[in-house]
Every structure is written in C-alpha cells, then in structure tokens.
Amino acid sequence: MVQKDKGAWAWVPVLYFTQGLPYVLVVTVSVIMYKKLGVSNEDIGLYTSILYLPWVLKPLWSPFVDLKSTKRKWFLSMQLLIAIALLGVGLTLPTKMFFVSSLACFWMAAFASATNDIASDGYYMLGLTEKKQSFFVGMRSTFYRLAMVTGEGLIVVLAGFLENKYGDNTKAWSVTMSAAAFLMLIMTVANFFVTPKYESESNQEKEKPAGFLEVFASFFKKPGIGIALAFILTYRLGESQLVKMTSPFLLDSPDKGGLGYSTEQLGTIFGTAGVIFLSIGGILGGILISRDGLKKWMLPMVLSLNLPNILYAVLAITNTTNIYAVTATVIFEKFGYGFGFAAFLMYLIYIADGKSKTSHYAIATGFMALGMMLPGMVSGYIQQWLGYDGFFVWVVIAALPALFLLKFISYPADFGKKTTLPNE
C-alpha cells in the first residue's frame, strides 16, 4: 500500500475541485439556468432544493461504499457518470419537456455526486495522517469553493456570452452544459492520474464496519449527538436560503426588486473577486485552525459565515445597483464563506471519529444537506411573500439558532491543532 500523504499537494486540490464542480452545477448553476429559461422563483426554489435529496439520503448507501471495493474506484466511476448526466442536461434543454427531462438528468448527477462525496471524503481521511488532515482542510475547502466559483463564474460567463452571440437562451445553455460535461470528463481523467492507490480491496478489511446496521447504531450512540445534529442542521440556515435567491435577486429587473444585472455581469463578479477572496478565506481558516485548534475560531467563523448577509439586505433595501457596492458585497460574502466553512468541516470530521469514519462522515454531511434542502425549498415562497428586502433581513435573523447552540456543543478545545485529530 502506498505511504500516506504521498502526493497530497496534487490530489487534494484536484479531488476536491472535482467534488465541488458537480455540486455547484446541480444546486446553484441550475438556479441561474432555469431563471434565464423563464422558470418562476417558486418552482426554482422548490425543485432545485429537492435536488439536495441525494446528499440527504447518502448515509443510506454510504456503508455499501465502505463494504465494497475501494474509495478510489468509487469516485472515479461516479465522476464519469456525472459527466454523462451533465451531457444529458445539455442535450435535453432544446426539447419541449426540457424542465422535467433536465431535472431527471440533474437527479442522476446529484446521486452520482453524493456518492462521489462519500468516496472522496473517505479517501481523504484514509490517505492522510492525523496532522495533515487539519493542515489540508483549508486547501480542501478552498478548491471545493474554487469549483463552485468556477461554476458560478466562468461557466455562467460562458452562458452569458453565448446568450448574446446566439440571441437564444436555450441554445446558449445547451452548449454551456455540454461544455461543463466535457470539463467534468477532463477532471475525471486528472483524478485517475494524480490519486495514488492508497487502498487495496484485500487490506481494507480492518477499516470496514462489521455490518450495515452497525454503522448507523454506532453513529447515533455518540455522546451529545442530539445537540450536535441540531447544530449541523442550523449552521447553514441563512446560507441555505441565500444561495437560492442571490442569483434571482441580481438578475431580476428593478421593478421586481432585483438589480437588473446580466448573466455575464453575474458570472464576472463571482468569477473574479469572488474566487480570489473565497480562496483567501478558506486557506486562512485552515491555517488558523491548524495553529490554534477549533475552539478559538469556532465563534469568529460562525459569524463570518453570516454577517456578510447583512450587506445583501442593505442592497435590497436601498435598491443599490452600483457595481462597486455589489462587488464588495460578494467579496465579503465569499471571504466569510470560505473562512467560516473551515470550522464546519473540522467539526464534521470530529463527529465522524471512529471505525466507520467514511460512513459516519456521510451521515453527518447528510444532515448538513438536509439543513440546506428544507429551507431552500421554501426560500422562493418566502422571497415572494416578503420581497427581496424582507427576505434578506430574514436570512440575517436565520443565523441566530446556530449561535445559540454553539455554547451547548462539546469538542476538544485543541481539536484540529497539530496532531490532535482522531487516530486512524
């Protein structure tokens, strides 16, 4: 078996960029695409949030990923399936049943992406030593977010360019999603070459749980699991709604309370300032946790994830369309997101400690996805009820439950510092 940490500087960025790319295409870029194809905010919020369901349910098949084959074989096969599904989206958009058929393809991509997450995260925890897990958490988070900004930025810019070129939004997005499928195929090939074979099916028996039900029983017997799950469900309560309505807010015309930006402008803002400051926030978060431990930075990171949402409320209330104000809002939001998500990742790694860490991490992230899906499903209806100004005020208030629960959760103060991560 290959020595742990080998080639991590190469495979961690590539693996987590590939993990983030299908996620952003399914749950975020789909929002922009359907908005430009004339789908209502209510339907966008509802149906694109239901696409979170595979991430919610992935704990049900995560033990199968533990019990059968290797993590590397799993994520390579799932990445190939994602590329095929995204091509399906591109090919079905010109049809009369584009909404139903493209949603079906997104569903296939979502299922494969959720399974890819299970295998990739398990590979990360098996392939790195204790001290390297906390060190690379910032890079892992950053390249995952870079993939998201690539989707929200470069891919959306491409769509905007093609909209102007063709004068046909359907054709523009069909070509764009086909191009995204090709990019996913390239990343799959890259992962094939840069990921070492840390595992073999014969020597992984000691890592595998004894049985399917044992995985779930051992997870829910963890001390303080009730409070921990409540915290996981509410950590991203504001973001889960913000992420669904930010693009419609920027794209909607001023008479509807939006800012009237074009698809290209939206993609350019996210793809330039967004990517730079998200990278800085994610890397800085990982370094600080590795240096000082999780306890010192948990509260600042929770605040950093939520306080920038105030700026969106200000934009909506004042109807500010100034490009510098909007860009500054995106900068603060992306930096805060990258910085704040580092703490969440480390807490999930702590919760997953134990023999079945791959499956337990999948269960924890399944609850995280549930916390994203349910609020996101009603976000469009809340926005229509409150307007964009009232909606973003509500998003700011949604940070309060996680802040309240913060004092009740328990974990080692120095968790994540140096060699304090759980033993392999």
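Student: What should I keep in mind about the model and its numbering?
Tutor: The model is predicted, so local features need pLDDT of at least 70 and side-chain atom pairs count only at pLDDT 80 or more, while totals for chains, interfaces and linings use all residues. Residues are numbered from 1 along each chain as its sequence is written, and side-chain values use heavy atoms, with hydrogens and water left out.

Student: Why is Tyr34 called buried?
Tutor: Buried means under 20% relative accessible area, exposed over 50%, and partly exposed in between, with a 1.4 Å probe and protein chains only. Tyr34 has a relative accessible area of 1%, so Tyr34 is buried. Tyr34 is found in helix H1; helices here are DSSP runs of H or I with at least four residues, and strands are runs of E with at least two, numbered from the N terminus.

Student: Which residues is Tyr34 in contact with?
Tutor: Contact means heavy atoms within 4.5 Å. Leaving aside neighbours within four places in sequence, the partners of Tyr34 include Val39, Ile44, Phe98, Phe99 and Phe106.

Student: Is Leu158 buried, exposed or partly exposed, and what makes it so?
Tutor: Leu158 has 31% relative accessibility, so Leu158 counts as partly exposed. This residue lies in helix H7 (residues 130-166). Beyond its neighbours within four places in sequence, Leu158 is in contact with Thr176 and Ala179. Leu158 and Thr263 are 105 residues apart in sequence and 9.0 Å apart in space, C-alpha to C-alpha.

Student: What makes Asn319 count as exposed?
Tutor: Its relative accessibility is 51%, so Asn319 counts as exposed. Asn319 lies in the loop between helix H14 (309-318) and H15. Its phi is near 55°, a positive value in a residue other than glycine.

Student: What makes up the largest nonpolar core?
Tutor: A nonpolar core is a set of buried Ala, Val, Leu, Ile, Met, Phe, Trp, Tyr and Cys residues joined through side-chain atoms within 4.5 Å. The largest one has 140 residues, and those with the most contacts inside it are Met298 and Tyr347. Helix H1 (residues 8-36) gives the most to this core, with 18 residues. Apart from neighbours within four places in sequence, Tyr347 is in contact with residues including Ala228, Phe231, Leu294 and Met298.

Student: Why are H5 and H8 called roughly antiparallel?
Tutor: Axes are lines fitted to C-alpha atoms, for helices over the stretch in contact, and angles run from 0 to 180 degrees between N-to-C directions. Angles under 35 degrees count as roughly parallel, over 145 as roughly antiparallel, 65 to 115 as roughly perpendicular and the rest as oblique. Helix H5 (residues 71-92) and helix H8 (residues 169-194) pack at about 165°, with their axes 7 Å apart. H5 and H8 are therefore roughly antiparallel to each other.

Student: How do you know that H10 and H15 are roughly antiparallel?
Tutor: Helix H10 (residues 225-234) and helix H15 (residues 323-351) pack at an angle of about 150°, with their axes 12 Å apart. H10 and H15 are therefore roughly antiparallel to each other. The contact is made by Ile225, Ala228, Phe231 and Ile232 of H10 and Phe344, Tyr347, Leu348 and Ile351 of H15.
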